[in-house]
Amino acid sequence: MKYTINQKIFCTYSCILLYKDMFLSKATLPDDYEKLREFAILLQAELYNKTLYIEKLKAQLAAYRRARYGRSSEKLDRDIEQLELLIADLEEGEAESQARMAAAAKPEPSAAPKQDKKPSARKPLPAHLPRETVVHDAACSCPACGGTVFTKVGTDEREVLEYVPSHFKVIVHVRPKMSCRACETITQAPMPSLPIERGRPGPALLAHVLVSKYSDHNPLHRQSEIYARAGVELDRSVLAGWVGDMAFLISPVADGIGRHVRAGHSLHADDTPVPVLDPGRGKTKTGRLWTLVRDERPWGSTAPPAAIYLYSTDRKAEHARTLLKSCRGFLHADAYAGFKGIYAADPKTGQIPMQEIACWAHARRALYDVHVATKSSIAEEALERIATLFAVEKQIIGRDPETRRAVRQQHAVPLLASLHNFLDRALAKISGKSALAKAIRYSLSRWAQLTRYTTDGTMEMTNNAAERAIRPLALGRKNWLFAGSDSGGDRAATMYTIIQTARLNGLDPEAYLRDIIGRIADHPINRIDELLPWNWLPPAKA
């Protein structure tokens with residue numbers, strides 16, 4: 001009988017928990033030291049076996065993670081999540097068992113000689129963390145003889161990692177008024193610009209609220225409850241007002257990112273549904289968040305990666321045209337019909353704004369779903385052939401466009417021709433109404449778009465760049481609703497544009513927002529490009 005991965009995990013995990021319960025909870029600890037020592041040895045062996053099993057699971061998890069970058073699979077993601085939870089639970093159980101073993105098997109001080117300690121394999125604690133030194137002075141008198149004169153012979157130090165919860169502070173801006181003794185003129189230093197005029201929040205607090213909402217998916221009402229536990233009452237409506245003010249204040253940065261993205265000639269687009277409060281109806285409606293990504297790193301370009309987002313109330317084609325206004329070149333996207341107008345020739349100039357690049361991850365997924373459901377040998381062979389195409393791509397990541405094109409022409413083009421023949425033959429053998437036939441026709445009907453990537457090294461085989469950009473939105477979708485209207489979707493699009501682009505450029509989005517929120521009010525609008533993520537320098541380096 002065959003078991004699925006999750007069934008194997010469940011069975012093995014159940015056995016471990018049952019055996020641990022029988023072995024630890026129901027065992028009677030002996031009073032004799034030698035028997036107690038034997039018991040500890042047996043327990044240590046069991047823990048060693050469990051440690052090996054944990055390491056095996058970790059290796060399996062690492063293999064799944066590597067596989068996820070080579071193929072897209074919802075089942076694979078679920079297995080990874082299951083393994084993450086299982087490993088964490090096993091490690092917690094192991095730590096508990098080791099503590100229990102240490103307490104049970106610890107001999108009296110005089111019962112046995114102290115064993116030599118094994119050298120620690122721990123990594124040193126990060127050097128950048130602040131250190132607080134606590135000095136534990138020795139006793140004033142010797143516990144052995146009562147003497148009071150000591151000579152220092154050394155010092156032992158042990159570092160303990162501790163956590164200090166985040167905290168608020170109040171900055172008091174004091175501006176003395178000075179009167180000139182000669183002319184009685186009153187002078188006073190100007191008040192520094194604040195992100196919100198006559199407002200109370202500082203840049204760091206505003207950045208934290210924004211990142212908590214749009215990156216950590218923590219809705220404003222939950223943030224309000226968290227701040228209240230720290231003794232600071234910030235009503236949800238107050239926080240919402242701050243978010244609205246910031247969306248307006250930093251929108252020029254989002255606009256600058258948009259100009260950069262649309263200037264690229266090889267772009268990725270995708271969209272996802274989002275819940276939106278629908279005032280007056282007492283329920284939610286479904287809006288859309290679109291993303292457009294420029295990421296030229298796979299072909300060695302130095303252009304910084306960036307992503308922009310657009311909110312719309314529905315999925316009409318006009319929104320796709322708005323997203324892609326002024327764009328020219330290649331567009332990696334799914335088979336959404338609304339993009340067709342982008343691929344059509346302009347009736348006035350005869351030029352095609354963008355050429356469609358279909359996504360092999362989507363084509364593969366259709367075949368994969370059939371294989372999981374039916375164990376079809378045809379689907380399995382098709383998946384194996386597609387895997388060889390992905391293997392070609394893996395070899396040329398980061399190479400220059402001409403090298404990428406040459407490798408694809410030499411290796412991928414013959415593989416694609418063979419795959420096309422295989423799918424044609426398979427389609428003639430199966431029922432035209434089957435799920436497998438539908439999956440095969442999905443690829444064959446888009447063959448020109450699926451193979452176009454081999455003609456230019458600046459194109460990609462998949463639309464994974466856009467899917468990665470849309471994934472954080474999908475992950476947080478269950479945690480929040482927009483703030484009562486479609487305008488909340490527009491604010492979210494602005495914030496996602498800035499936060500996700502900061503992430504793409506390796507920045508801490510909260511540190512980035514903290515700085516630009518504090519500077520942008522006084523920053524010349526014609527120099528807004530200086531504040532874009534790839535041009536930004538932290539204050540210490542600026």
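**Note on the predicted model**

1. Leaving aside neighbours within four places in sequence, alanine 303 is in contact with Arg294 and Glu296. The structure discussed here is a predicted model. Alanine 303 sits in the loop that runs between strand E4 (283-294) and strand E5 (306-312).

2. Is alanine 303 buried or exposed? Its relative accessible area is 15%; because buried means under 20%, alanine 303 counts as buried. Along the chain, alanine 303 and valine 261 are 42 residues apart, and their C-alpha atoms are separated by 9.9 Å.

3. The largest nonpolar core comprises 66 residues, and those with the most contacts inside it are Val253, Leu292, Leu331, Phe339 and Leu513. Helix H16 (residues 486-504) gives the most to this core, contributing 7 residues. Apart from this core lies another, of 33 residues, which includes Ala358, Leu383, Phe390 and Val407. As general background, nonpolar side chains in soluble globular proteins tend to be buried together.

4. Glutamate 393 belongs to helix H11 (residues 377-395). Its relative accessibility is 9%, and glutamate 393 is therefore counted as buried. Neighbours within four places in sequence aside, glutamate 393 is in contact with Arg408, Tyr453 and Met461.

5. The second largest pocket holds about 1400 Å³ of space. Its lining is formed by 36 residues, and those lying nearest its centre are Phe168, Lys169, Pro201, Gly202 and Leu205. The elements that give two or more residues to this lining are helix H4 (203-214), helix H5 (220-229) and helix H17 (509-519). Helix H4 gives the most, with 5 residues.

Technical notes
Residues are numbered from 1 along each chain as its sequence is written. This is a predicted model: local features need pLDDT of at least 70, side-chain atom pairs count only at pLDDT 80 or more; totals for chains, interfaces and linings use all residues. Side-chain values use heavy atoms; hydrogens and water are left out. A nonpolar core is a set of buried Ala, Val, Leu, Ile, Met, Phe, Trp, Tyr and Cys residues joined through side-chain atoms within 4.5 Å. Buried means under 20% relative accessible area, exposed over 50%, partly exposed in between (1.4 Å probe, protein chains only). Helices (H or I, at least four residues) and strands (E, at least two) are DSSP runs, numbered from the N terminus. Contact means heavy atoms within 4.5 Å. On a 1 Å grid over the protein atoms alone, a cavity is a set of points where a 1.4 Å probe fits but cannot get out, and a pocket is an open set with protein on both sides within 12 Å along at least five of seven lines; lining residues have an atom within 4 Å of a point. Grid points are joined across faces, edges and corners, and a volume is the space filled by probe spheres set on the points.
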